[in-house]
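Let's take a friendly walk through this model, one question at a time. Have a look at it first.

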Amino acid sequence: MICLTTTETTLTSALKQVERNKPYIDMVELRLDLLEEGELVSAQIFPRLCALPTIATFRRVCDGGKSLLSDKVRMTKLHDIVLQGDFSYVDIEEDVKKSDLKIKGEEDSPRLDFEAELKLKGIKIIRSFHDMEKVPANLFSLITKQAKKGDIPKIAVTPNTIVDVVTLFRINEELKDIKEKIIIGMGDYGVCTRILYKRVGSMLSFASEDEIAPGQLSAKSLKLLYRADQVNSRTNVYGIIGNPVLHTSSPKIHNPGFDAIHYNAIYVPFLVDKVRTFFKLAELIKIHGFSVTVPHKRDVLPYLGKITREVQQIGACNTVTRIQGMWKGTNTDYYGFLAPIEKFINDGEIKSALIIGAGGAARAVVWALKNHHVKVTIANRTLSKAKLLASETMSNYIELENIKSLEATTDLIVQTTIVGMSPNEDADLLENFEFAKSCYVYDLVYKPEYTKLLKRAQEKGCNIVNGSAMLLEQGKLQFEAFSGYHYPHWVKINL
Ligand code: ATR
């Protein structure tokens, strides 16, 4: 189930928020602590009006909420709202004292047992535990303890490493007898657990309306982009590893592709600090294949049983697939880069190239061009790196300040550095370089779609290729490696 957490301060706006998200959600968590004080008197009508199973949650500040009330007052308010309405669940923190759950009734009447009243009304209690800083060591015993009481255990904890993520995925295996439980990994490392909530063994995943920061999941993207609620025991899991990784556009290529060919598979971003541990996770949850991005393209090499010639040459791998129990590494950056210009190389229009940069991306570019008999010159801010790559690939190198001397003789210019990338869109490493009209200018930067450099080249009448062309091509080749199918041409990709 996908559960929308309301973020509004009035019941009317919270209801509107639910309406906007209805196509994507199965249930709602009404956050009473976010509502204005005056709204609480009418909060009991909310479940009936929104017509979805609703959790009543009155979250304290220490657990990430807004309520500063004492537990006694808070529980009394929660009691009065929940028992008058049609809530399906109520969230009570696991450390709320028994005495605070004995609610004072009318004058002279005995104290009411909140938990007993809830049970009588058939409202399920979610017993929640929050750790905003870490994954605690006693995680499994915490879950077991709450489940024994007959309540639904909820743990919302903060993984800080991929080891913590492995711990969360182990819950499903270790505690599979506890059918109803809620597990949430908060923060950037937790994103994969919230998408693959079913694989963690959680009965639901919480989502908000908007993705305010990278890594936050909206109900819409959980439902439409990831189809997280469709994951079952036969779903093949794919992903991308990197650090950072949550800004990546790759899920927008692979997930719609899988959907279009009716392949029961999901593609998830994994923030990874240690590649070694990720391979353990990959075994634990049987990941079928994954993309690799900065800074792990070289780090994965020791774990691969088989690599292609390009990976060997470039010394970097961006695609890993599981083949007959072995991890195989390929490099689709190499072919992705070539795809938009290969025809012009084969036609003899591109015979010489100037490559700006000598980092990881430049390595794939230089090797691809050299293997296609293009004469390459490398220019880089740090000359020694250009020199090294040139000697390895039998290319030429030149100082960045001297590239003007190649203006008339270069058929292709490839910009491989991050200069010009959003938010520094005004930067242009080739500011003083005059393009020949017939030349090709290729910028690997894909945000913005057209960099200052490309716009300038276009104005001169050059042929331009942008980074999204390469991103799409390398992604489509990965898709083939993952699924065995060509990328469905009818899918419109919105990066
Ligand atoms: P990638 O794998 O994306 O290529 P990388 O291996 O870190 O990333 O390489 C970054 C490239 O961009 C390098 O060539 C780097 O130049 P240096 O070798 O001198 O570091 C280049 N680069 C990054 N920022 C730059 C800047 N502000 N000006 C010029 N070159 C820059």
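Q: Which pocket does the ligand take up?
A: Before we start, this is a predicted model, where local features need pLDDT of at least 70, side-chain atom pairs count only at pLDDT 80 or more, and totals for chains, interfaces and linings use all residues. Residues are numbered from 1 along each chain as its sequence is written, and side-chain values use heavy atoms, with hydrogens and water left out. A pocket here is an open set of points on a 1 Å grid over the protein atoms alone, where a 1.4 Å probe fits, with protein on both sides within 12 Å along at least five of seven lines. The space that the ligand takes is the largest pocket.

Q: Which residue has a polar side-chain atom 2.5 Å from an oxygen atom of the ligand?
A: Polar contacts are pairs of N or O atoms within 3.5 Å. Gly-360 brings a polar backbone atom 2.9 Å from a ligand oxygen, and Lys-385 has a polar side-chain atom 2.9 Å from a ligand oxygen. The residue at 2.5 Å, again through a polar side-chain atom, is Thr-382.

Q: How much of the ligand's accessible area does the protein cover?
A: Areas come from the Shrake-Rupley method with a 1.4 Å probe. On its own, the ligand has 640 Å² of accessible area.

Q: Why is the pair of Tyr-238 and Phe-258 called tilted?
A: Rings of Phe, Tyr and Trp (its six-membered ring) pair if their centres lie within 6.5 Å; planes under 30 degrees apart are stacked, over 60 edge-to-face, and the rest tilted. That rule gives 18 aromatic pairs. In this one the centres are 5.4 Å apart, and the pair is tilted because the planes are at 40°.

Q: Where does Pro-244 lie?
A: The peptide bond from Asn-243 to Pro-244 is cis, with omega near 5°. Strands (E, at least two residues) and helices (H or I, at least four) are DSSP runs, numbered from the N terminus. Pro-244 sits in the loop between strand 11 and helix 10.

Note on methods. A polar contact is a pair of N or O atoms within 3.5 Å; within protein, one must be able to donate a hydrogen and the other to accept it, and residues adjacent in sequence count only if both atoms are side-chain atoms. On a 1 Å grid over the protein atoms alone, a cavity is a set of points where a 1.4 Å probe fits but cannot get out, and a pocket is an open set with protein on both sides within 12 Å along at least five of seven lines; lining residues have an atom within 4 Å of a point. A molecule sits in a cavity or pocket if more than half of its atoms lie within 2 Å of its grid points.
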